Amino acid sequence: MQYYSTNGKAPMADLQKAVVKGLAEDRGLYMPERINRLPKAFFDDMPAMRFQDIAYNVAAAFFGEDIDGDGLKELVYDTLQFDCPIVKVKENIYALELFHGPTLAFKDVGARFMARLLQYFLRSGSVGCDSSAANGTVNVLVATSGDTGSAVANGFLGVEGIHVYVLYPKGKVSPIQECQFTTLGQNITAVEVDGVFDDCQALVKSAFMDKELNKHMMLTSANSINVARFLPQAFYYFNAVARLTSLLSPLTSDIVMCVPSGNFGNICAALFGHEMGLPVKRFIAANNANDVFYNYLQTGQYEPKPSIQTLANAMDVGDPSNFARIINLYSENGQLSPEETHQRITSLISGATYSDEQIKETMRKCYEETGYILDPHGACGYRALEEQLEEGEVGIFCETAHPAKFKEKVDEILGIDVEIPERLAAFMRGEKQSVPMANDFEAFKLFLLERA
Ligand SMILES: *Cc1c(COP(=O)(O)O)cnc(C)c1O
């Protein structure tokens, strides 16, 4: 399978190049040249299949030409060693819990899948470096304001041939988040930068552009726009439909899928699933106060703006990267006019935007009425379904993080003491190891070169 750039000015790339480079040369996002529809027999069998087997079929539609069947099976099974159950919250509304992975966030699946895919390419001997000096190790650099760092670090933990450097802003990451990537050791190095998140990001960007560094080390990013990180999220939606179908058998209502969104990677994967034939009638993109996509749906104009800090901070995005993928998909790679594209998008996707006050109110109301503890991100999804679900529909919203990841906030809003799952508690008992780093590229470069 070849991948083209949403900007249309870069050469096509094969899977390996798309994964190692992340972003195309013209700064566009990679898109698969085809989205294969799955056969009716698969959808008929799906309710009786296990998550891993469903995911393998979905993965094969994207990656089957590039990875042999056994290799892909191993990759998928290794990635999905946990469940993503649907839980009934109230009549017609179900939570799809995406937080049962190693760091209790849905980004775990994409991060782990990408790690295993890179490892597959390394083992097959096809990933090389321009220089002889690179000792065969791939170095992943990732800047984080909290959540991405932990998912990537845990996804790549113990994967041979890959070393991960997580750059994070000193004192600006919550203790629960910090311990998830500073206590791991092995092939994970946490770099504590004397600066803010943007400084970490700038150091990583400078490293990718530095010729000398690239001559000595093979560098790659594990950015969320990477096809290997975003496509596997489609697995969730097939599994959710399968579980709901067997639970409500016979299913007579139409399914509405509601995704709390920030960079729009997760919902984009769901939309790819829809293109593959997944029987979902329509989608809702639930936002916090960062409302650029919501405004696009209303007006047809896309006007990115600086992000606003909210309670649901993993969705604080003012210019969602995957918007370009959604436009590319529904404009058929630019063949349709902006008006036609907008029309197609609004006939399938509706929006919602909520203030912090509304998020809190929703968390309290849901807890009182149902006993279900929402985290601030999931709360946006739950509320959008409550407001928009129509007669004859059944709704599933993604619960994207475990409430314990936002314990301070959730405890305060609900007046409870959220239990910390053992997996999280284990991280908190670990010993913090990090390398202090000045906010200075020369210092960072020297540090990397010494380890090359
Ligand atoms: C990353 C994240 C989101 C947003 O997902 P996108 O793919 O960026 O839209 C929502 N909730 C949580 C908890 C996240 O970590």
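How many residues surround the ligand, and which are the closest? The count is 14, with Lys-107, Gly-262, Asn-263, Phe-264 and Thr-400 the closest; a residue qualifies if one of its heavy atoms lies within 4 Å. The model is a predicted one, where local features need pLDDT of at least 70, side-chain atom pairs count only at pLDDT 80 or more, and totals for chains, interfaces and linings use all residues. Residues are numbered from 1 along each chain as its sequence is written, and side-chain values use heavy atoms, with hydrogens and water left out.

The structure holds 19 aromatic pairs, meaning ring centres within 6.5 Å, with planes under 30 degrees apart called stacked, over 60 edge-to-face and the rest tilted. Phe-62 and Phe-272 make a tilted pair, 6.3 Å centre to centre with 45° between the planes. Phe-62 belongs to helix H3 (residues 51-63) and Phe-272 to helix H12 (residues 265-275), so the pair ties together parts 210 residues apart in sequence; helices here are DSSP runs (H or I) of at least four residues. Both Phe-62 and Phe-272 are buried, that is, under 20% relative accessible area with a 1.4 Å probe and protein chains only.

Conventions
Phe/Tyr/Trp six-rings, centres within 6.5 Å; stacked < 30°, edge-to-face > 60°. Helix = DSSP H or I, 4+ residues; strand = E, 2+ residues; numbered from the N terminus. Buried < 20%, exposed > 50% of the residue type's maximum accessible area, 1.4 Å probe, protein only.
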